[in-house]
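Reader: I would like to learn how to read a few features of a structure, with the general idea stated before the particular case. Could we take them one at a time?

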Amino acid sequence: MLNSQIPNGPLSDKWKSHKFNLNLVNPANKRKYTVIVVGTGLAGASAAASMAELGYNVLAFSYHESPRRAHSIAAQGGINAAKNYQNDGDSVYRLFYDTIKGGDYRAREANVYRLAEISNNIIDQCVAQGVPFAREYGGHLSNRSFGGAQVSRTFYARGQTGQQLLLGAYSALIRQMNNNKVKFFPRHEMLDLITIDGEAKGIVTRNLINGKIESIPAHAVVLATGGYGNVFYLSTNAMASNVTAAWRAHKKGAFFANPCFTQIHPTCIPVSSDHQSKLTLMSESLRNDGRVWVPKKKNDERNPNSIPDDERDYYLERLYPSFGNLVPRDVASRRAKEMCDQGFGVGQTKLAVYLDFKDVINRNGKDWVKEKYGNLFDMYKQITGENPYEQPMSIYPAVHYTMGGLWVDYNLMSTIPGLHILGEANFSDHGANRLGASALMQGLADGYFILPYTIGNYLSKASHDIDIEHNNFKQSKNECEDKVKQLLSIKGKRTVDDLHKELGKIMWNNVGMSRSKENLKKSIDLFPELKNEFWNNVNIPGSSNELNPELEKAGRLADFIELGELMAKDALNRNESCGGHFREEYQTDENEAKRNDEDFKYVSAWEYKKENHALHKEELNFENVKLTTRSYK
Ligand SMILES: Cc1cc2nc3c(=O)[nH]c(=O)nc-3n(C[C@H](O)[C@H](O)[C@H](O)COP(=O)(O)OP(=O)(O)OC[C@H]3O[C@@H](n4cnc5c(N)ncnc54)[C@H](O)[C@@H]3O)c2cc1C
C-alpha cells in the first residue's frame with residue numbers, strides 16, 4: 001500500500017532525473033489551479049511564495065495574526081549546508097552521511113541525499129533575499145559546528161537564525177500578497193480536511209476572532225503546520241504549536257509515521273516549579289564553546305566556581321573523546337539524565353548539569369563570546385537571574401522537536417492524493433533523531449525547492465473544476481460546528497491546562513526520554529480514562545462566536561490525548577532503541593541505544609481506524625550506507 005515513489009538510478013542522480021520525469025503544468029494553466037497552504041512558518045511561507053511565483057493561486061492560512069509569528073521565528077542556532085566554505089572536508093555526501101547516521105539509520109537514503117544536495121541552494125536563495133548571515137572579516141559567510149558532525153557547516157545569524165530566515169520567506173510571501181497571487185487568512189484555524197472521492201479538495205476553518213466556520217475548496221492542500229512536542233505540555237515549542245491539522249487529516253486517511261520519534265534537547269533551562277507552562281532552549285550552538293560537566297562528588301553543594309578542574313567530570317569529553325561536547329542531542333540528553341539519576345545533578349532540584357564558558361572567556365575574552373552568543377546569554381540571565389559570563393549555566397534536557405509526522409512519499413504527498421505535508425509536520429528526513437540545524441534546512445528545502453516541482457505532477461492530472469456543491473463541504477463544516485457546540489456544552493470542573501498538565505505527566509513519565517514495556521503498557525491504560533475525563537469534565541468558559549482561547553486550546557488538547565495514545569503504542573511496538581527512542585530493555589553494556597535492524601528497519605505508518613490503529617511498514621533499504629552501530633567515541 002505504501003509506495004514511497006523513490007526514483008531509480010544512482011543516489012546522486014535521483015532528484016535530477018525525477019525532476020525531469022515529473023509532469024509539468026503549463027504557465028497558462030497554472031492560474032487555473034488554487035492551492036491551500038495551511039501554516040506560514042518557514043516551510044509554509046516559502047512554499048506559498050514559490051508556488052505563487054510560479055503562477056498558482058494560493059490561499060494561505062495561519063492561526064497567527066502574521067506569518068512572522070510562526071514558531072519558526074524561535075529557531076536560534078543555525079541552518080546546515082554543505083558549502084564547505086571552511087575547506088574542512090565537507091561535501092554533499094558527508095552531510096548526507098552524517099544525517100543518516102545521526103538519525104540512527106531510520107530515514108530514507110534518497111530523501112536525505114536530496115536534502116543535502118538542496119542545502120546549498122537554500123543558502124544562495126536566502127543570501128539573495130538579504131538574510132543577514134554572520135560573516136567573517138573578509139566578507140565570507142561564517143560557519144559554526146553543531147552536534148553529530150566534525151565539520152563546521154552551520155550558517156547562522158547570531159542566535160536569531162529562524163527569525164532572519166522567516167523575514168526572508170515573509171518578504172517573498174508579501175510580494176505575492178501584493179500581487180494578489182497569495183490571499184492570506186490570518187487568525188484562521190484549520191479544523192478539518194475535506195476529501196472528495198479520497199482526494200484532498202479543501203479544508204474547514206474557524207475564524208478565531210468571530211468564530212465563523214467555513215468550508216474552503218481548492219485543487220490541492222498543503223499542510224505546513226509544525227511539530228507536536230506540546231503533547232508533553234512542557235516543551236521548548238511555541239505555546240500554540242499543536243497537532244490538530246495533521247491529526248484531523250490523519251482521521252481522514254493520512255497515515256501517521258513514526259509518531260514516537262521525539263527529540264529531547266540536552267541544553268534547556270531546567271524546570272523550576274510546577275507552575276511553569278513553557279521551557280526555554282539554550283541553543284546547541286553553545287556547545288561549540290561551552291563545556292558540559294558535573295561535580296565528581298555526589299550531591300556537591302559548593303558554588304560551581306569554587307570547584308576546581310580536577311574535581312569536575314567533563315563527562316561528554318571523557319566518554320566521547322572524538323565528538324566531545326558535540327555529540328548528537330539524543331546521546332547528550334541521555335547522558336545528562338544518567339548523571340542526574342546517579343546523584344551528580346546540581347542546583348535545587350538536582351535535575352541539572354553545568355554548561356560552562358569559563359575556558360572560552362579566558363581564551364578569547366568576554367566580547368568575543370558576546371558577539372557570538374550575546375542574545376542567548378541575555379535570555380538566560382533574564383529567566384534565571386544568573387549571569388552566565390560569571391558562572392556556568394545550569395541545563396537539563398527538554399522536549400524540543402518531533403521527527404514523526406504525517407507519512408509522505410518522495411513527492412511530499414501523503415497517503416491522501418493531493419494532500420502534501422511539509423516541514424516539521426511530515427516525518428520525512430530525520431529518522432529517529434534530528435541533527436541540530438537541519439530542521440530549518442528541511443523546511444526550506446521542502447518549501448522553496450521540492451514542493452514547487454512535485455505539486456505540478458499532481459495538479460497536471462487534476463481537473464480544473466471543483467464541485468463546490470459537493471455534500472462533503474457541507475457535511476465537514478456541520479461536523480466542526482457540532483464539535484464546537486459539544487465542547488462548550490460540557491461545563492465541567494477542570495481547566496484545559498489542568499488536563500493538559502496531566503497528559504504531559506503521563507507522556508514524560510512513560511513515553512519520554514526513557515521508555516519501558518511496563519510503563520508504556522501502563523500509560524496505554526491511562527489515555528482512555530483521561531479522554532473520558534476531558535469529554536465529561538472540562539470547563540470552557542465563553543462562547544463560540546468570539547475570540548475564545550480556551551475553546552481553541554480544548555480542541556487541540558482533544559487531539560493531543562488521542563495522539564499521545566498512538567505515540568505510546570508506536571513506542572511499545574518498536575522493540576529496539578534507536579536515536580531518541582530509548583527502550584530501557586534494549587541498551588548496550590555502555591548504556592547506548594541498541595538497534596534491531598533485522599526486525600525494525602522500517603518506518604511505522606499508522607492508519608486511523610475508529611476502534612484501533614492499523615500498522616503499515618515501509619521497509620528502509622540502504623544501498624549506499626552500511627548499517628553500523630552508531631559511535632561518537
Ligand atoms: C526554541 C527552538 C529553537 C530552534 N532552533 C533551531 C535551529 O537553530 N535550527 C534548526 O534547524 N531548527 C531549529 N528549531 C526547529 C525549527 O525551528 C522548527 O522545526 C521549524 O521552524 C518548524 O517550521 P515549520 O514551518 O515546519 O512550522 P512552524 O514554524 O511551527 O509553523 C507552523 C505554522 O502553522 C500554522 N498552523 C499550525 N496549525 C494550524 C492550524 N490548525 N490552522 C492554521 N494554521 C496552523 C501556524 O500558525 C504557523 O504559521 C528550533 C526549535 C525550537 C523550539
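**Cysteines, a helix and a ligand**

Author: With a disulfide defined as a pair of cysteine sulfur atoms within 2.5 Å, the count here is zero. The model is predicted, so local features need pLDDT of at least 70 and side-chain atom pairs count only at pLDDT 80 or more, while totals for chains, interfaces and linings use all residues. Residues are numbered from 1 along each chain as its sequence is written, and side-chain values use heavy atoms, with hydrogens and water left out.

Reader: Is Cys126 buried or exposed?

Author: Buried means under 20% relative accessible area, exposed over 50%, and partly exposed in between, with a 1.4 Å probe and protein chains only. Cys126 is buried at 1%, and Cys480 is buried at 6%.

Reader: How many residues does helix H6 have?

Author: Helices are DSSP runs of H or I with at least four residues, and strands are runs of E with at least two, numbered from the N terminus. H6 has 18 residues, 161-178, and reaches 26 Å from its first C-alpha to its last, close to the expected 26 Å, where the expected span is 1.5 Å times one less than the number of residues. Its buried residues include Leu165, Ala169 and Leu173.

Reader: Which element gives the most to the shell around the ligand?

Author: A residue is near a molecule if one of its heavy atoms lies within 4 Å of it, and 37 residues surround the ligand. Strand E6 gives the most to the shell, with three residues.
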